[in-house]
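My plan is to look up a few features and write each one down.

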Amino acid sequence: MINLANRVQTLTPSTTLAITAKANELKAKGVDVIGLGAGEPDYNTPENILLAAYESMKEGKTKYTPSGGLPALKKAIIDKLQRDQQLSYQPNEIMVGIGAKHVLYTLFQVLLNEGDEVIIPIPYWVSYPEQVKLAQGVPVYIEATASQEYKITAEQLREAITDRTKAIILNTPSNPTGMIYTKEELVQLAEVCREFDILIVSDEIYEKLIYGEASHTSVAELSDDAKNRTIVINGVSKSHSMTGWRIGYAAGDAAIIKAMTDLASHSTSNPTTTSQYAAIEAYNGTQEPVEEMRKAFESRLETIFPKVAAIPGFKVLRPQGAFYLLPDVSEAAQKTGYNSVDDFATALLTEANVAVIPGSGFGSHSTIRLSYATSLEALEKAVGRIHEFVQSKWND
């Protein structure tokens, strides 16, 4: 029998993949399952980006590129950061990778030594803890409650820091909560990071999907010190509906970026060439499709939020960004006879034929995540099914 490496034996199985697999199994049997688990826009990549990719292939641009990304793509990213955040970077401070997820993985691999601690607010994106553990680091969790709008405070951060703390991950707008840290909140957190000299990993992948009066501030914008200790993580996956193209980037300290690029040269060679040319067009071309998609998501949110809030036993905050709702459904689970929210989510799939993601995968055991990155018709039908399911089983 082959013994696998210890590092992979500690990984937590993906709740998202498990639910998706079960939903697909039911669909294959002809069951009308509506999936609300999607972590990607339901729009195709904009036409101008598709055309740019096609033209690059026709022109023979299908060979290796520099490990850290094409110079033209780095320039497009630098221009984007200057245009949107008034942040100035040099090419040696930019590393392009195979999606923001792999960029994060590479960052932790070059950053962490065994036992180094990384602070992760709860709720968190599912891959943060696993990537830290794969780099022999230790995830340290801070719970941000609904009463805090799922955002940690400077006081909580200060209390969690030890002499092993290396970094904190901030995800704003957040997956799965959709909440956004204000500039004032970021100032307070950045001051604690300055005081204890820890790095900030700022995941801003949902930056373009913001609603209402909310606005996005990158922690790197706040001061020279904040910029110098922040690694900005972003990409085209969510903003330009390019999840499958796999292009993300890191912007930050040149020494860290060089180490990431060197590691990539031995692991991936380079990001997919055609995808890089598509990403150049994504950043340099028209941004109208980005805004059209944002407006569509906002419209769906306006329609679907009150319907979810009206489900008995559901308590939900109105998200400010991304495309997720994270209702606390602990009361609904209890009143409908389920021992856990995970069991409740399974029942929604097998009995109401709606696939949702249990919040346990995000460290939030009383919640479920609903994605509104699907058609309004499907959303309304799915929420109607959930409401009917809860009402039919409600036991006072």
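These entries cover the pocket, the strands, the rings and some backbone details.

**Entry 1: the model**

I note at the start that this is a predicted model.

**Entry 2: the largest pocket**

I looked up the volume of the largest pocket, and it is about 1,100 Å³. Next I asked which residues lie closest to its centre. They are Thr16, Lys101, Trp125, Val126 and Ser127, out of 45 residues in the lining. Which of them gives the most? It is α2, with 8 residues. I also sorted the lining by residue type and found 20 nonpolar, 16 polar and 9 charged.

**Entry 3: Val126**

Val126 sits in the loop between β3 (117-122) and α6. Is Val126 buried, exposed or partly exposed? Its relative accessible area is 25%, so Val126 counts as partly exposed. I then checked Val126 against Gly361, which is 235 residues away along the chain. Their C-alpha atoms are separated by 5.9 Å.

**Entry 4: an open sheet**

I found an open sheet of 3 strands. The order is β9-β12-β11, and the pairing is antiparallel. The edges are β9 (324-325) and β11 (357-358). Each has a single partner strand, so one side of each has no neighbour in the sheet. I followed the pairing of β9 with β12 (368-371), which runs over 2 bridges. Tyr324 stands opposite Ser371 of β12 there.

**Entry 5: strand β5**

I moved on to β5 (165-171). Of its 7 residues, 6 are buried, so β5 is largely enclosed by the rest of the structure. How many bridges join β5 to β3? There are 3, and the two strands run parallel. Val118 stands opposite Ala167 of β5. On to β6: 5 bridges join it to β5, again in parallel. One detail I kept is that Leu170 has Ser202 in β6 as its bridge partner.

**Entry 6: aromatic rings**

I looked up the aromatic pairs and found 13. I began with Tyr211 and Tyr372. Their ring centres are 6.5 Å apart and their planes are at 50 degrees, so the pair is tilted. This pair links distant parts of the chain, 161 residues apart. Tyr211 is in the loop between β6 (199-203) and α9 (224-228), and Tyr372 is in the loop between β12 and α15 (376-393). Both Tyr211 and Tyr372 are buried.

Tyr249 lies in strand β8 (248-251) and Tyr283 in helix α11 (273-284), so the pair ties together parts 34 residues apart in sequence. Tyr249 is buried at 1% relative accessibility. Tyr283 is buried too, at 5%.

I also found a cluster: ring pairs link Tyr43, Tyr206, Phe297, Phe323 and Tyr324.

**Entry 7: charges over rings**

The charged end of Lys227 sits over the ring of Tyr89, 4.3 Å from its centre. Arg318 lies over the face of Phe305, 5.3 Å from the ring centre.

**Entry 8: cis peptide bonds**

I noted a cis peptide bond from Thr172 to Pro173, with omega near -5 degrees. Another cis bond runs from Asn175 to Pro176, with omega near 25 degrees. Where is Pro173? It is in the loop between β5 and α8 (183-196). Pro176 is in the loop between β5 and α8 as well.

**Entry 9: positive phi**

I looked up two residues that have a positive phi without being glycine. Asp197 has a phi of about 55 degrees, and it lies in the loop between α8 and β6. Asp197 is exposed, with a relative accessible area of 59%. Ser241 has a phi near 50 degrees, and its place is in the loop between β7 (230-235) and β8. Is Ser241 buried or exposed? Ser241 is buried, at 7% relative accessible area.

Conventions
Residues are numbered from 1 along each chain as its sequence is written. This is a predicted model: local features need pLDDT of at least 70, side-chain atom pairs count only at pLDDT 80 or more; totals for chains, interfaces and linings use all residues. Side-chain values use heavy atoms; hydrogens and water are left out. On a 1 Å grid over the protein atoms alone, a cavity is a set of points where a 1.4 Å probe fits but cannot get out, and a pocket is an open set with protein on both sides within 12 Å along at least five of seven lines; lining residues have an atom within 4 Å of a point. Grid points are joined across faces, edges and corners, and a volume is the space filled by probe spheres set on the points. Helices (H or I, at least four residues) and strands (E, at least two) are DSSP runs, numbered from the N terminus. Ala, Val, Leu, Ile, Met, Phe, Trp, Tyr, Cys and Pro count as nonpolar, Asp, Glu, Lys and Arg as charged, and the others, Gly among them, as polar. Two strands pair if DSSP finds at least two bridges between them. Rings of Phe, Tyr and Trp (its six-membered ring) pair if their centres lie within 6.5 Å; planes under 30 degrees apart count as stacked, over 60 as edge-to-face and the rest as tilted. Buried means under 20% relative accessible area, exposed over 50%, partly exposed in between (1.4 Å probe, protein chains only). A charge sits over a ring if NZ of Lys or CZ of Arg is within 6 Å of the ring centre and within 35 degrees of the ring normal.
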